[in-house]
Amino acid sequence: MQDFRVKTFLTVCKTLNYTRAAEELALTQPAVSQHIAVLEREYGAQLFEYHHKKLQLTAAGRVLQEALSTMAHDEKLLHERVAEVAHGAKTQLRIGMTLTAGEYVVAAPLAAYLTEHPEVRAHVRSGDTKRLLGLMANGEIDCAFVEGLYDKAAFAWDKFRTEKLVCICAPDQLPAAKVRSFEDLLGMRLILREQGSGSRAVLEGALAQRDLSVAAFADSCVVESLDIIKIFVAQGLGISFVYEAAVQRELEEGALTVIPLPQENLTHDISFIRLKNSIFEPQMKSLFKAVKG
């Protein structure tokens, strides 16, 4: 059973504010401070500190957060597993997926896995990588397939697949002059995903390696829906960078075309991530192996 001080600690980690943590836990602020003080005495280390008037975790606090988050998740999952066995219910599996990974890469093999394992009931949640990491930290999902950037040292992870990011345009918008690199495209309008999107983060990282940014393009347009991006590009509104798997059908049908960039190599891994050192790691490995095929 989880110690109430652990719950207090994890809530302060989430809110980084003693007052908000107290409100969420229905405690007084002095009680929250006392719980943290007890943990600091127990572990012999300061867990939080103020930097420019903002509360933040110390290095020791981050180590404890990582360990206790996994323990809290495992306890919650263990309660569910015991109840499922006791009542003959299906096993609940809470999976997170970033949009591109979910819709175009993971959905089909996951569907095959669920067909072969009728004892499993999946709850799938979508969002950008940052949101899914937050859901995992709060124990709301058990694992996630993500294409965005994350701290690999903070999670257990496996590479699911390496995907290629391609530059797309309408067939009649293909540049007449030979295009070799980003610099040859700067005079065009760039249609891109919102901040937090995995594909945008990969693109911005590649641009930064050439001392460029999104602002270097003649114009830009932010669109949160990949389907709308594909329509905009097909209508000649501009170019975009998307994972090749997400536009395979449109490329085959001729609605979109790829602008080759021989001087750029835009690839990124889709990863299967979960909390480190979980007692349920064997089940997570089994799921990954089955879905990866």
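Q: How many cavities of 30 Å³ or more does a search of the whole structure find?
A: The search finds four cavities of 30 Å³ or more. This is a predicted model, in which local features need pLDDT of at least 70 and side-chain atom pairs count only at pLDDT 80 or more, while totals for chains, interfaces and linings use all residues. Residues are numbered from 1 along each chain as its sequence is written, and side-chain values use heavy atoms, with hydrogens and water left out.

Q: What makes a space a cavity or a pocket?
A: On a 1 Å grid over the protein atoms alone, a cavity is a set of points where a 1.4 Å probe fits but cannot get out; a pocket is an open set with protein on both sides within 12 Å along at least five of seven lines. Lining residues have an atom within 4 Å of a point. A volume is the space filled by probe spheres set on the points, which are joined across faces, edges and corners. The largest cavity has a volume of about 50 Å³, and about 1100 Å³ lies in the largest pocket.

Q: Which residues line the largest pocket closest to its centre?
A: Cys13, Gln65, Ser69, Ala137 and Asn138 are the closest to the centre, out of 30 lining residues. Helices H1, H2, H4 and H6 each supply at least two residues of this lining, and H4 gives the most, with ten. Helices here are DSSP runs of H or I with at least four residues, and strands are runs of E with at least two, numbered from the N terminus.

Q: Why is Cys13 called buried?
A: Buried means under 20% relative accessible area, exposed over 50%, and partly exposed in between (1.4 Å probe, protein chains only). Cys13 has 7% relative accessibility, and therefore counts as buried.

Q: How do you know that Cys169 is in no disulfide?
A: A disulfide is a pair of cysteine sulfur atoms within 2.5 Å. The nearest cysteine sulfur to that of Cys169 belongs to Cys167 and is 6.7 Å away. The structure as a whole holds zero disulfides. Cys169 is also buried, because its relative accessible area is 0%.

Q: What makes a set of residues a nonpolar core, and which residues have the most contacts inside the largest one?
A: A nonpolar core is a set of buried Ala, Val, Leu, Ile, Met, Phe, Trp, Tyr and Cys residues joined through side-chain atoms within 4.5 Å. The largest has 22 residues, and Phe182, Leu185, Leu190, Ile239 and Phe241 have the most contacts inside it. Helix H7 (198–208) and strands S6 (156–169), S7 (189–192) and S9 (240–243) each give two or more residues to this core, H7 giving the most, with four.

Q: With which residues is Val105 in contact, leaving aside its neighbours within four places in sequence?
A: Contact means heavy atoms within 4.5 Å. On that basis Val105 is in contact with Thr100, Phe160, Arg161, Glu163, Ala245 and Ile270. Val105 and Glu163 are 58 residues apart in sequence, and their C-alpha atoms are 9.2 Å apart.

Q: Why is Val105 called buried?
A: Val105, found in helix H5 (residues 99–116), has a relative accessible area of 4%, and so it is buried.
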